[in-house]
Amino acid sequence: MTNILIAAAVLALLGLVLGILIGYTAKRFAVEADPRIEEITELLPGANCGGCGYAGCADFAKEIVENDANISSCSACSEENFKKIAEILGKEAGNREKQVAVVYCSGDNHKAKRLARYNGLNDCRAAAALSGGGKTCRFGCIGLGSCARRCQFGAIEIRNGLAIVHPELCEGCGNCIDICPRKLIRLVPATSKIHVYCNSLEKGPVKRKACEAACIACKKCVRAVPDSFNAQGFLVRVTEDSNLTEETIREIACPTGALDTVAHHTAANSGKEGAA
Amino acid sequence: MKNNMPIHPKHFEGGIHPADHKELSAAGLIRNIPLLDKYTLVIQQNIGAPPKLNVQKGDTVLKGQKIADAGGFVSVPLHAPTSGTIGEILEIPGANGAPVQAVEIISDGKDEWCEPMTPYPNWRDQNRELLLERVREAGIVGMGGAAFPTHAKLSPPPEKIIDTLVINGAECEPYLTADDRLMREYPEQVLTGAEICAKILRISHIVIGIEENKPDAINILRRKAKRNRNIQIIPLHVRYPQGGEKQLIYALTGRKVVAGGLPMDVGCVVQNVGTLKAIADAVTEGRPLIERIVTVTGTPVKDTGNFHLRLGTPVEKALEAAGGLQSPVGKLILGGPMMGFAQSSLKVSVSKNTSGILFLANDEVRQFEAGPCLSCGRCVDACPMRLLVSTLSKVCENERYDLAEENYVLSCLECGICTYVCPAGRPNVQHFRRAKAEINEKRRKNK
Amino acid sequence: MDEKNSVPEKEFLQEGSLILSSSPHIRTSMTTSRIMLQVLLCLLPVVAASIWFYGWNALRVILLCMIFCVGMEYLWCKIAKTPHTCKDFSALVTGLILALNLSPLIPWWLCLIGAFIAIIIAKEVFGGLGQNPFTPAAVARVALLIGATKPMTTWAPLPSAFHHFDGVTSATPLSAAAEFSAVTSATPTAAANTQLAIFNSNEFLWNAFLGNIGGCLGETSTLAILIGAAGLVYLGIIRLYIPVAILATITIFIWIVNGISPGTTPGPMFHLLTGGVMIGAFFMATDYVTSPVTNLGKIVFGAGIGIIVCVIRIWGSYPEGMSFAIVIMNALVPLIDKLCYKRPFGWNPPAGTFQPRRGEIK
């Protein structure tokens, strides 16, 4: 009986001492963690794509709370969660413009002229170092899909040797931009629906020889709607504040089909018919 | 003297001997081709700074006239291959695919020499600065393939002690026989060139390494070299890449160039036999470098052989001189099949480092399949740099360039052996090129 | 430029048809599938010997295993939606080697299980050919040996065989030797000494060399294995580092053990000629994927296998340990590769390599 009592007393005493010790250390060495960091981490997409420039979603959340990082740097966050995060921080949600990536090329294997049969590593950067792959055009998409493999959201499709970004899947993280050896990919506001899908700085006739779908700077579009286009040398770009509609594009009827709507460009069989 | 003789291993660890097909072009004499209407001269034909063009469209030039000045110390001038007028300055596909600036020279048919540089038949009496200046003025670069300006190689920094001039007559690349023919037909120039280099470097010991499959070249040079007992001619085992700088130095002197080091660290300067002939011509006859010997070969070519081609000769004209084609071509290569560059068009032109124009038939070209690595170790056994190729190839495939760097990918010669022997058809060399480019880019960024 | 007649034979070189690739532009004719076919070819003498000694039953097991292995690979490719890898014949080689490691009396469903373990568990789940850490056939054999010991170790002489055993039959000499060493380790008896003498006799060893003893399909005839191995070496498929290291280590190890305590186990020749040592050394341990790549690593790997085999045979509870030894050493391959790292050329030049030639500097 006494043995049991002694055992119980020792255990109780030990528990008490350890309890006090734990309590003390918890107070003394407490790490101040803002509960909001965890909440915000939960609300972020969790893809750890790195598009915001931080080491991942958790790191970004910490930076938001502690160093007042800009929430809108996260392009993948949904509108709803974005508002919730703003609420947690007690800030105005503000206007956040969604951005998507666009590959400025429409020269797939049918349209772009073949220079040679490329045989080697299935990697755009490696091909670029080696005569630039199989297409004649030195500015266009090599089409070996380095960007598609880099994309965490599966938004880039390689169709017939051409990278096509599906804007509904694209989160605008911008990871694909650096990997493209031709610097063809740019982030644009998700609202812009019309682009000139060509990036070649060659002279018109050279371009025409190299690719059926090149912008040959005929300026048909510029003459039709002067405000919405911006011609630089042999390349025309749609201005950012243009409000072109699909109908106008159809009326302009770009002769090579380089001027196209996002919907038509990404549609499943646009490659075969050319522009509307 | 005896105990001071270096050991000659005559070979190196690793290497392979692919079927060399040298019989296709080794037999006939070096031929001349008729003057062309037009030459397309690539402006930058040397490693280092690009030369600066000093003529404009419409100017008349004479053969051998300097049309571009050296753009810096590591740069050489460029000379007109014939007399005529300057045509367009245009972009043509370069040897490694990227477009390069080129200048057209429209021949006037007279092929008239400009006033030559003073020849120094008695060059032994001239001082070395003068000779070095001549090498530079004649636009001479390493004609084995690297195109590094020769005068820069011949002026090592004073703290480096140079004691041996290593002459590369190995010509280990399959198919090519240009150096072989050159040594057989111009042995005198090769030896003179070597002696001039030795004089410039202020040394006397010269070793010439020639692979054993060129017995004629060895015999002729041995006979001619009797006049100078400091010239040693050493037959080397037939093994690719015997002509690799580090391998050659090891085989001839037993010295190992440290990873990342240069031949001058172990007291050697390496020159190709073609370069030596160019040096001899420039010094003894005052002729600048405007032509070189090129092997035009391959089974699809009708009349294979070696040709004196002027710089700027388009490949299609060279092919015409070799009788044209007799069967379909799968690949056109400038250089040898192991390290040369595949071309996409016949518009490319001969430059100072073009040692061969090789046409391969469709069935001779083995395509890459990139199967899984079996770790069979063939590449590891064959690598002349003793790299762990199988591991490297796998880490590069997974884009782990940090691990590639740890595994010494930067030591890779890109000799192509690992890809040649790979039963799984993996494009190892391309992997390593990519890795090296990424690592160098990262280093530049971090600086 | 006059494009019309610049090249007379235009049709031989069409624009856009040239192949563009990184150097080198030529390659050996050796391919993965060719290696595998050559291995199959080199295994033919072993197959012939197994049919000679075990009759058509042997052929039955061999065909079953090969068909099951290829079938498994095909199924996996279908289900996992990976590109078909059946073309490289590696599954055929695995199947054949597995069959040669089974008893001729094994039921068909054990072959199926063996094929499943070899192809799916040991190879495909790790990522397929080139990624597997363990030799598939060895893993399957180990699994079957543990899971189905009885059918795996029954070698009754078969009425259908072309050749009838004489001398030592049915029970394998190895298990006899194992029991024997267990009994005799304390006090050597007269009976034990007689047995030892039989095992070390030239007659027994000659029978073991020819394959005139009990055992798995492919492991009995050392002669056939050596013919096949000579083929492998001649064709340049294997290098002798691993087999020689294994055989040498076993010889030395047994010699030392018998030297310290005479009569512990039969002599080295007995150990080399019986059980799976020969087929393991030449055909299984030399599997490219699961052995080290450097020559030094290969020697270390082989030596490890030799020691483990001897330890299992002399002191372990299993009479045979070749497949265990291979699997255990497979696990150590990454470590061996790390320790036996080759330094690149010129990485560590011997001190004083370069001394300027005397009298050269002016």
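Between domain 1 of chain C and domain 2 of chain C an area of about 2,700 Å² is buried, and carbon and sulfur atoms give 73% of that area; buried area here is the accessible area, taken with a 1.4 Å probe, that two parts lose on being put together, summed over both. This is a predicted model, in which local features need pLDDT of at least 70 and side-chain atom pairs count only at pLDDT 80 or more, while totals for chains, interfaces and linings use all residues. Residues are numbered from 1 along each chain as its sequence is written, chains are lettered from A and ligands numbered from 1 in the order in which they are written, and side-chain values use heavy atoms, with hydrogens and water left out.

The two parts of chain C are domain 1 (32-152) and domain 2 (173-339), with bounds that come from an automatic or database domain assignment, and their C-alpha centres lie 22 Å apart. In terms of contact, which means heavy atoms within 4.5 Å, 34 residues of domain 1 of chain C meet 35 residues of domain 2 of chain C.

Which elements supply the side of domain 1 of chain C that touches domain 2 of chain C? Helix H1 (32-54), helix H2 (56-80), helix H3 (90-100) and helix H5 (136-147) of chain C each supply at least two residues of that side, and the largest share, eleven residues, comes from H1(C). Helices (H or I, at least four residues) and strands (E, at least two) are DSSP runs, numbered from the N terminus. By class, this side of domain 1 of chain C divides into 26 nonpolar, seven polar and one charged, where Ala, Val, Leu, Ile, Met, Phe, Trp, Tyr, Cys and Pro count as nonpolar, Asp, Glu, Lys and Arg as charged, and the others, Gly among them, as polar.

From the inside of chain C we turn to its interface with chain B. Here 54 residues of chain C are in contact with 92 residues of chain B, and the two chains bury about 6,700 Å² between them, with 58% of it on carbon and sulfur atoms. One salt bridge is found across this interface by the rule: C:Arg239 pairs with B:Asp381 in a salt bridge whose closest N and O atoms are 3.2 Å apart. Chain C and chain B also have 16 residue pairs in polar contact, both at pLDDT 80 or more. On the side of chain C that touches chain B, the elements that give two or more residues are strand E1 (19-20), H1 and helix H14 (295-315) of chain C, and the residues of that side divide into 24 nonpolar, 18 polar and twelve charged.

Chain B is itself assigned two domains, domain 1 (1-32 + 122-365) and domain 2 (378-446), whose C-alpha centres lie 27 Å apart. Contact between them involves 14 residues of domain 1 of chain B and 14 residues of domain 2 of chain B, and about 1,100 Å² is buried between these domains, 63% of it on carbon and sulfur atoms. The count of salt bridges between the two domains of chain B is one, and B:Glu13 forms a salt bridge with B:Arg386, with the closest N and O atoms 3.0 Å apart.

The remaining interface joins chain A and chain B, where 15 residues of chain A are in contact with 16 residues of chain B. The area buried between chain A and chain B is about 1,300 Å², of which carbon and sulfur atoms give 43%. The rule finds four salt bridges across this interface, and the side chains of B:Glu91 and A:Arg138 meet in a salt bridge at 3.4 Å, N to O.

Methods: A polar contact is a pair of N or O atoms within 3.5 Å; within protein, one must be able to donate a hydrogen and the other to accept it, and residues adjacent in sequence count only if both atoms are side-chain atoms.
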